Structure formats: structure tokens, C-alpha cells
Amino acid sequence: MMQRQIHGVGFVSAIIITILVGSVVIAGVGVASADVSYISISQVSVSEDEPVAGNPVTITPTILHSSAGNGGFQVTEAVLVTSDGTRLVEVNNLGTIGAGDSLKVPLRTSFEEAGEKHLTVRVRGNVVNSSGTVKSVESVEYPVYVDVSAPSDPTPEAEPQVSVNADTMVSGTSTPVRVTVSNSRDSEISDVAVHLSSAGDQIETQTKLQPILSARNMSTFVFDVTPTSPGELDLNATVEYDSGSTQVTRTVDVVPVQDDIFIDAVMTTNNGTNVIQYQVTNAGNAPIHNVLISGEGSNADLTRASFDTINASSTATTTVPTGTSASSLALNVSYTVGSQNQYITQTVQGDALDASSTGVESKSSTGLGGILNGMSLTSIGLLFGGLAAGGAVGHRHRLRSLLRKR
């Protein structure tokens, strides 16, 4: 009689265990078949519904001594063999089970390769009847069919996440670009190298290094980028690490340089000492660098003033002594914006000690310099918010002009 029992159907494959009541072969003198027919393997269970090649699996037969028999059954061996007779696992001397009792024998093994396995559970032992007579049983067998699946590819660890943070850039102007690398793994990554480049070699490739990036942590790398021309700039951030690499691209707009500066000049005579205050406003969209203000008064050269950098939409102020009055000022300003060196001039004439005097003249032919031409200091003061009058110890006024490139 044959009976098939299905233990479960898995995601990839199912294990089908076919149960066959083993035939009992009797060996030994004076042994009656009725005595040993009470010994059987009632069932076999498998620990894994979807055993995977290389993983351990336990196959457990249940040895049953029927209550219809008498005496006991002494189990000497339980073994699991393959279709070609190879013994996978065996256990010996498992004890004696009485009539009506059963014994489970776990047989633990593994399979190197995937595929359907034709196995046999074989049990050997001796029957001891009520009179003490020992009768040997050659074997009780039970076939088992196991479908072993191939191991699935291990789930790859998450790649580091990369983001590029960059605002609109100005052509020829250095702009910071921040590349953030996030390690979402439960383990650190090492030998981290971050490369920032662009399509068409619009910028020079730069590299930042970090030996270790800890698990569940992030790090930001700052690059100074100077685009060469207006338009769109594709920034490519590539991250290499000990077990792989990843890349992300961010497109930013690059606009032309807008060069526009203003200067305020305030001259003060205080207790016989002349000083001049310069206030330079950068109204353009790019920082200006190496700003140098020089010039001549009506009686002597003006003391030079300088600024390292004035950022876009920013103002810088400095005060320097001067050995001349304000009767005549010829101002020169030089600076660098983007990759260009600029040089502009402005000439203003008037009486620095008398805010009501006239005769201010500008040699600029365009812009605010043209408006200033021929205006009195009083008119200039009204145009730019009024004159700055000195206290009891001195006088001062402000001369403001829009400087243009020469």
C-alpha cells in the first residue's frame, strides 16, 4: 500500500514526501512474520518546507511498535541514505520501545546541490518477545523525496546615498558646491573617494578623500567650482568606496557676470586733521576681489585704501587719513570680478570745507557722473539724502558717484 503526504509548498519549490509502508524482511532462525510485522516507520517529517542547498535540514522518522504486538523492539540503527546507497547520517543503539510506543529519531544533514533528492530512511533492530526470545529484523525502510532549491543571491547592501547642493552660479566666479554622502548600512564603509566633475570638462575634476564613513552616518564634502561660461552645468558626483561606487548628476544654471559697484566718499576735517571715509557697495552678482582705491586731491595724493573681498550685494567701509582738502578729488578704483581685471575713475571738484559752495564737476560722460556734472554740493546732498554736516570741531560732506569703467 502506498500513501503520498505533502508537507508544504514553498516559494520556489515544494517538498514532497512519499510514505511507503516498509516491507519487513525477516532474518534469523525460527522467526515468524507475524511477530515482526508490528514494527513500522509510521511517518517522516522534514524541518524545512523549502530546504536550500548548503543549509542544514532535519529529517525525523517515527518508529512505531504496534500495540498488537508484544515484547519490545530494540533499535540498533537508524540511517538516511541516498539513491546510490551513500549514507548521509546515521545513529546507533537508540534503546528499546515497548508495544504501543513510538520513537522519533532526528537525522540532521545538508545537500550541496539543488534538485530532487530520492532518499530512504532505514531502521534496523531486534524484536524481543514476551518469552525473551530475540528475533532480528534485517530492515524497515521508508522512502522520502525532497526537492532542494538553489540558494538565492544574497540581498545586496544599500549603496551610499549621494546629494549635490549647488545654487545658481556666475561664470568665471568660484562657488561652493556641497556633496553629501550618507551611509545607511549597519556597517562602515572605507576608502571613500568623492570626485566632482562635469560633462564636456566645463570644470576641473576635483577629489576629496575620507578613510572611514561610519554606519548610519553622513559626511559633507565642499568643492570650490568655477564655471567657464554661462549656460547649464551638469555636475557629476561620483563616490567610490571599498565595495562599490555610485554616481549622481545635478544640473545648475550659470549666469553671466553682472559688474556694478558704487562708492561713497565722506571727507571730514576734525581738529585740523583731514580723514576720508570710503564706502564701496558691490551691487553685482559676483564677489569682487583685491579692491584698491587711490587718487589725488587738489593738493596731494590721497592715502590708498583696500579691501580683500566684497561679496555680491554687500558693502564695505574704511577710513584713512588724507593730507588734502576736498577742493578736488580724482578717484581710481581697481578690482577683479570673475576672471576680469577692472579699472574705473571718477573726478569730483568742490570746496570740502564749505558745504554751500558750488562748482562740482564730473568727467564721466554717462550714468550718475553725467548727472553730477555742474551740480552744486547742495544739490548733490539733496539727491543722495542730504549733506552730512560736521560738529563744532569740523565740517564734512559726502561725495557719491557711480563709477564707470574707463
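F262 counts as partly exposed because its relative accessibility is 23% (buried is under 20%, exposed over 50%, partly exposed in between, with a 1.4 Å probe and protein chains only). F262 is found in strand 20, residues 261–270 (strands are DSSP runs of E of at least two residues, numbered from the N terminus).

The model is predicted: local features need pLDDT of at least 70 and side-chain atom pairs pLDDT 80 or more, while totals for chains, interfaces and linings use all residues. Residues are numbered from 1 along each chain as its sequence is written, and side-chain values use heavy atoms, without hydrogens and water.

## Nonpolar cores

The largest nonpolar core has 27 residues, and I59, F73, V121 and V123 have the most contacts inside it (a core is a set of buried Ala, Val, Leu, Ile, Met, Phe, Trp, Tyr and Cys residues joined through side-chain atoms within 4.5 Å). Strands 4, 5, 6, 7, 10 and 11 each supply at least two of its residues. Strand 11 gives the most, with 6 residues. Another core, of 24 residues, lies apart from it and includes M267, I288, L329 and V333.

5 strands form an open sheet with mixed pairing, in the order 13-19-18-15-16 (strands pair if DSSP finds at least two bridges between them). Its edge strands are strand 13 (169–170) and strand 16 (206–213). Strand 13 pairs with strand 19 (residues 244–255) in the parallel sense over 2 bridges. V170 has V255 of strand 19 as its bridge partner.

Key
Helices (H or I, at least four residues) and strands (E, at least two) are DSSP runs, numbered from the N terminus.
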